[in-house]
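Q: Hi! I've got a structure open and would like to talk through some of its side chains and backbone. Could you take a look with me?

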Amino acid sequence: MYQPISRVVLLILTSIALACQPVAENKKTTDTEMKFTDHHTFARPEEAVITHLEWDAVIDFDHHLIKATAAYNISRATGAAAIVLDVNNLAITSVTDGRDNPLSFTVGEEQPFLGSPLTIALEDTTSQIKITYTTHPEAAALQWLSPKQTAAETMPFLFTQSQAILCRSWLPVQDSPGIRFTYRARVQVPPGMLALMSAENPQIKNADGEYHFAMDQPIPAYLMALAAGDIGYKQVGPRTGVYAEPTVLKAAAYEFAEMEEMVIAAEKLYGPYPWEVYDLIVLPPSFPFGGMENPRLTFATPTILAGDRSLTSLVAHELAHSWSGNLVTNANWDDFWLNEGFTVYFEQRIMEAVYGRDYAEMLAVLSMQDLQATIADLTAKGQAADTHLKLNLQGRDPDDGMNDIAYNKGYFFLRLLEEKTGRELFDAFLKKYFRENAFKSMTTERFIAYLNEHLFAAHNLPVPEDLYQQWIYGPGLPDSHPVPVSDRFDKVDAVVKAWAGGTPIGQLISQEDLLTKKWSSHEWLHFIRHLPQNMTAGQMQALDDYLRFTYSGNSEILAAWMVHVIRHEYKPGYANLENFLVSAGRRKFLVPLYGEMVKTEAGKQMARRIYAKARPNYHFVATNTLDEMLGWQENETS
Ligand code: BES
Ligand code: ZN
C-alpha cells in the first residue's frame, strides 16, 4: 500500500494551494483563515504524513489497557527530518523503522485536551515507523464496561469514541481530519468475544478471539473505531445488518429493518454508496452519543430502540455521513458544519424519500425549534461568535464549540440554497460535489468557491455573497431563513391550546381519537415541548394519568417530559427520572436534564446525589461536560 512520495506530497501541496486561493469578494476571509491549518493537531503534514497503518493490538480487560504496535507507511517531503504524531496519555515503549532499527523520539509537554506531540526523527531512508505503546486505563476515547453495565451482564464490553480529537488517546496518530490513511488490524480479545472496527468486519465469533480487519479506503483518524464484547449479528438486507448484544439483537433487527431502503434512497440522491457494506451496532446505554458514523459500522445508542421505528432518522443521519463527512471531510473542526449541516440536510432528504414530505417537515420544525433555542442560549451567554457556521476554535476544546449550530443552521442554509436554485439544480450540484471531492478534505472557503463556480456561475445565477456573510460569517438566524411548515404540528398546537384553556385531556382524547392512536412520537414531542411553562403538579398528574409520559419507552419523549418533571417539581416522576439518568449515558439527554436541575438549590442537591450514582456509567465525553456543570471535583467519589 506504499504510495510514491511525490504523488502524496503533490496532493498535499495542491490542497494547501487550493485552500489558500482567495475567495471572490469574500471580505471576511482573512489570511489566517485561508491557511490549511488545523489548530487541534501537532502534526506538520507539509513535512511528513502517514499513509497506511498496520495495527496489532491485545485488549486487556483485566487492566483496562490496550497493548499495541502501530506501524505506519509514511510519505515525506524532500529533506523532512521528522514526523510528528499526536498522543494523549499513551506510554510509548519504543519506536523503530520498518527494519526494527530504533529511531529517536521525544514526547513533548502535555497540553490541555490536545495531549502531546510525538516527534520521531527520520533517517534518510525511513519510509516506515513502528510504535509500540500501551494506553492509559483512563484513556479518554475508551469506555470499559463491567458485565453489570451491559444488557446480558455476562461479559465486559469495550467501545471507542474518537471524534473529535480522542483517537490519540488509543492510537498514536496524526489526528487531523485533513489527513487520511488506510489500515489493517489484528486484534486479540478474550475468547468468547467478538471484536469489530470501522472496517471489513467478521460476523461470527471465533474460538480464539483473534480477529482481522481491513479498511482499504483512506479515512481520517476520527473515524477509527473499535468495539468488543458479547456481540451477535443479524442481516437485515443485502448490504445491511445489525450487531448487538444477543439479548438486544431481535429488537435491533426489527427497529432497523428499513436500513436497506434508506441506503437505496440515499444512493438515488447523491450517487453510489461508497463503502460496500452498511452495518450498525447497538452499544450499551452508556454510549455518549445518539450515533457515530464510523465507516461501514455506525455506532448507535440503545435509546433509539423505541419498538416502533420512530427514531430511525438517526440511522438516516449516520448513513448520510457516508457521503458528507466520511467521503468529503471537514478539513478541520472550524468547518464542522460541512460535516453536520450537510448531513442533516441529507438526512432530511432521505426521510422525505422514505416516509414522505409531511413526516420530514415535522423533523424540520423540530430542528428549527432546537436551533432557535441554541441561538438564544449562546447569545445570552455572550457567545454569539459560536453561532456562526464557520467557527474559530483555536485554543479551545473542539468539543466545546461543536453544537446545534453546525447541524441546524447548516441545514437551513443548505435548504435555503435549494429553495433559491430549485431542487433539480441543487441535487445535480451535490452529486457532483460528492463525486469530485471524494476522499478529500474541504474548507468552508473552498466549498464557497466550488459553489460559486459549479452552481451559480455554471447556471448564470448571481452569487449570493450577502447570504454567505449572514449565514457563514454572521451570528444568529438570518431573516432569510426558510420556514418549515407542518400541518400535523398545527393540529397538535390546537390540542395544546384547548388543554391549556381548560378542556380536560380525557375529553380531548375521546374527541380526537387520533390523539393516542395516530400521533407519531414527533407529534408527542411537539406536544410536550409546547406545554405551558407554569403547570401545576395537578395538571401534570392529569396528563400523566392519561398519557403515561413518565413511563414512556421512547427516550425522546421521556427526556422532554422529564424537563417538566424537574421544572414543576412533579414528584411522581422523580424515581423514573433517576432511573433514566443512571441508565442512559447519551449526552444530548443528560445535559438538558442536569441543566434544568441546577437552576435551583434543591435541584442542585438532587443533581449531585444522582450524579454520584450515575457517573461511573458515563463516558468521558459526558463527564467532561457534566463535571463542569455540576462543579464536580476530580477527587469526589462517585
Ligand atoms: N458525528 C456526530 C457525533 C459527534 C459529533 C461526535 C461531534 C463527536 C463530536 C454524529 O453524526 C451525530 O451527529 N450524532 C447525533 C445524532 C444525529 C441524529 C443528530 C447525536 O449523537 O445525537
Ligand atoms: Zn452527525
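Predicted model: local features only at pLDDT ≥ 70, side-chain atom pairs only at ≥ 80, totals over all residues.

Q: Good. How many salt bridges does the count come to?

A: The count comes to 37 salt bridges. One of them joins the side chains of Asp 216 and Arg 184, at 2.9 Å from N to O.

Q: Where do Asp 216 and Arg 184 lie?

A: Asp 216 is in strand β12 (residues 210–220) and Arg 184 is in strand β10 (residues 180–188), so this pair ties together parts that are 32 residues apart in sequence.

Q: Let's move to the helices. Which residue forms a salt bridge with Glu 578?

A: That's Lys 613, with the closest N and O atoms 2.9 Å apart. The pair links distant parts of the chain: Glu 578 belongs to helix α19 (residues 574–583) and Lys 613 to helix α21 (residues 601–614), 35 residues apart. Glu 578 counts as buried, at 14% relative accessibility.

Q: What about Glu 596 and Lys 599?

A: Their side chains meet in a salt bridge too, at 3.1 Å from N to O. Glu 596 is buried, with a relative accessible area of 10%, whereas Lys 599 counts as exposed at 58% relative accessibility.

Q: Which residues are linked in a network of salt bridges?

A: Arg 349, Glu 352, Arg 357, Glu 361, Arg 415, Glu 418, Glu 419, Arg 423 and Asp 427 are linked that way.

Q: Now for a charge without a partner. What is the nearest side chain of opposite charge to Glu 245?

A: It's Lys 205, 9.5 Å away. Glu 245 is buried yet has no salt bridge, because a bridge would need a nitrogen within 4 Å of its carboxyl oxygen.

Q: So which backbone nitrogen lies 3.0 Å from a polar atom of the Glu 245 side chain?

A: The one of Ala 151. Glu 245 itself is in the loop between β15 (240–244) and α3 (246–255). Not counting residues up to four places away in sequence, Glu 245 touches Thr 150, Ala 151, Ala 152, Phe 157, Asp 230, Val 282 and Pro 284.

Q: Is Ala 227 buried or exposed?

A: Buried, at 0% relative accessibility. Ala 227 is part of strand β13 (residues 226–229).

Q: What is Ala 227 in contact with?

A: Leaving aside neighbours within four places in sequence, the contacts of Ala 227 are Phe 157, Leu 158, Phe 159, Leu 194, Ala 195, Leu 196, Ile 281, Leu 283 and Phe 299. As for Ser 198, which is 29 residues from Ala 227 along the chain, the C-alpha atoms of the two are separated by 9.3 Å.

Q: Switching to rings: how many aromatic pairs does a search of the whole structure find?

A: The search finds 45 aromatic pairs. Among them, Tyr 433 and Phe 447 are edge-to-face, 5.5 Å centre to centre with 70° between the planes. This pair links distant parts of the chain, 14 residues apart: Tyr 433 in helix α10 (residues 423–436) and Phe 447 in helix α11 (residues 444–456).

Q: And how accessible are the two?

A: Tyr 433 is buried, with a relative accessible area of 2%, and Phe 447 counts as buried at 1% relative accessibility.

Q: What sits over the ring of Tyr 254?

A: The charged end of Arg 309, which is 3.9 Å from the ring centre. Arg 309 lies in the loop between β18 (297–300) and α5 (313–320), and it counts as partly exposed at 22% relative accessibility.

Q: What about the phi of Arg 309?

A: Arg 309 has a positive phi of about 60° although it is not a glycine. Most residues other than glycine have a negative phi. His 64, also not a glycine, has a positive phi of about 55°; His 64 is found in the loop between β1 (48–60) and β2 (65–76).

Q: Last one: which peptide bond is cis?

A: The bond from Gln 163 to Ala 164 is cis, with omega near 0°. Ala 164 is in the loop between β9 (157–160) and β10.

Methods
Residues numbered from 1 in each chain as written. Chains lettered and ligands numbered in written order. Heavy atoms only, no water. Phe/Tyr/Trp six-rings, centres within 6.5 Å; stacked < 30°, edge-to-face > 60°. Helix = DSSP H or I, 4+ residues; strand = E, 2+ residues; numbered from the N terminus. Buried < 20%, exposed > 50% of the residue type's maximum accessible area, 1.4 Å probe, protein only. Lys NZ or Arg CZ within 6 Å of the ring centre and 35° of its normal. Lys, Arg positive; Asp, Glu negative; His and termini not counted. Polar contact = N/O pair within 3.5 Å; in protein donor to acceptor, adjacent residues only side chain to side chain. Contact = heavy atoms within 4.5 Å.
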